[in-house]
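Keep the viewer open and follow the selections below in order. Each stop says what to pick and what is found there.

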Amino acid sequence: MTDSMRVYINFILVMMIFLVLFLVSLSLGCLSKDDEQGKLDIGVVYRLNLESTMSNKQQNVYTKECPTIVPRTEWNARSPKCNETMKTPVPFVIIHHTDMDRCHDYDHCCAEVRKIQDFHMDVRGWCDIGYTFLVGEDGRVYEGRGWDTIGAHCPWYNHQSIGISIMGDFTDVIPDKIATDTVQALIKCAVERGKLSPDFILYGHRQGRNGTTCPGDALFKEIQSWPHWKPGDHFPPK
């Protein structure tokens, strides 16, 4: 083999080695990019899943704090004769009892709310049912005037309070625990929705108006252990 041929063969071998190294490095670069893209895709999916999980947790917390509220349309409410918007958040919660029949299931409670609305409108001559919300011993909340409408349940406080009434007479007995738990969950819901000030004050009806025993002796004693209850008579507000 001549020297010229030997040089030529060496040149070819070197070129082949360079070509192999080039192809390997190119392949590794592609893999690296694919790997980075894979990490990016996984990161995006993880972040989206995490955001979705956080959103679901927030929704679950919200649902947990806000009990079932039966809207007026479902209990077949009459149309109000008048209404006035209430500025929120309000600083007070007023607890009542209806001093009428108790109810323990959906149908009975809907009928009871209608009866109370008829009494308030036809006998007392009010524009609508007086309470903001009513609660049955079925664990449901029944929409009265609702979050943003001034009520007719406690003079001096109507324009600055949420009036919640548990259906029944609770002079001698306290409501079933499911009802009192629902009231407290509704109050937490009101704070969360921005309808009630976080530093709200809670009264029984008798504390805000002279001449009534509402919400009944037994229920009044019960609410004295609730957060934000303030002792004393407060009519007019001090």
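Select Phe92, Tyr157 and Tyr203 first: ring pairs join these residues into a cluster. The model is predicted. The structure holds five aromatic pairs. In the stacked one formed by Phe92 and Tyr203, the centres are 5.7 Å apart and the planes make 25 degrees. Phe92 belongs to strand S2 and Tyr203 to strand S6, so this pair ties together parts 111 residues apart in sequence. Phe92 and Tyr203 are both buried.

Next, pick Phe220 and Trp229. Their ring centres lie 6.2 Å apart with the planes at 75 degrees, so this pair is edge-to-face. Phe220 has a relative accessible area of 13% and is buried, because the cut-off for that class is under 20%.

Go back to strand S6 and select Ser197. Ser197 is buried too, at 14% relative accessibility. Leaving aside residues up to four places away in sequence, Ser197 touches Pro89, Val90, Pro91 and Val191.

Now show the sheet. It is open, with mixed pairing, and its six strands run in the order S1-S4-S3-S5-S2-S6. Strand S1 (69–70) and strand S6 (196–204) are the edges, each pairing on one side only. S1 pairs with strand S4 (residues 141–143) in the parallel sense, over two bridges. Select Ile69 to find its bridge partner in S4, Val141.

Finish with the helices. Helix H2 (residues 106–123) packs on the sheet and touches S1, strand S3 (133–135) and S4; the directions of H2 and S4 make about 40 degrees. Helix H3 (residues 177–192) also packs on the sheet, touching S1, S2, S3, S4, S5 and S6, and its direction makes about 145 degrees with that of S6.

Terms used:
Residues numbered from 1 in each chain as written. Predicted model: local features only at pLDDT ≥ 70, side-chain atom pairs only at ≥ 80, totals over all residues. Heavy atoms only, no water. Pairing = 2+ DSSP bridges. Helix = DSSP H or I, 4+ residues; strand = E, 2+ residues; numbered from the N terminus. Contact = heavy atoms within 4.5 Å. Axes fitted to C-alpha atoms, helices over the stretch in contact; angles between N-to-C directions. Buried < 20%, exposed > 50% of the residue type's maximum accessible area, 1.4 Å probe, protein only. Phe/Tyr/Trp six-rings, centres within 6.5 Å; stacked < 30°, edge-to-face > 60°.
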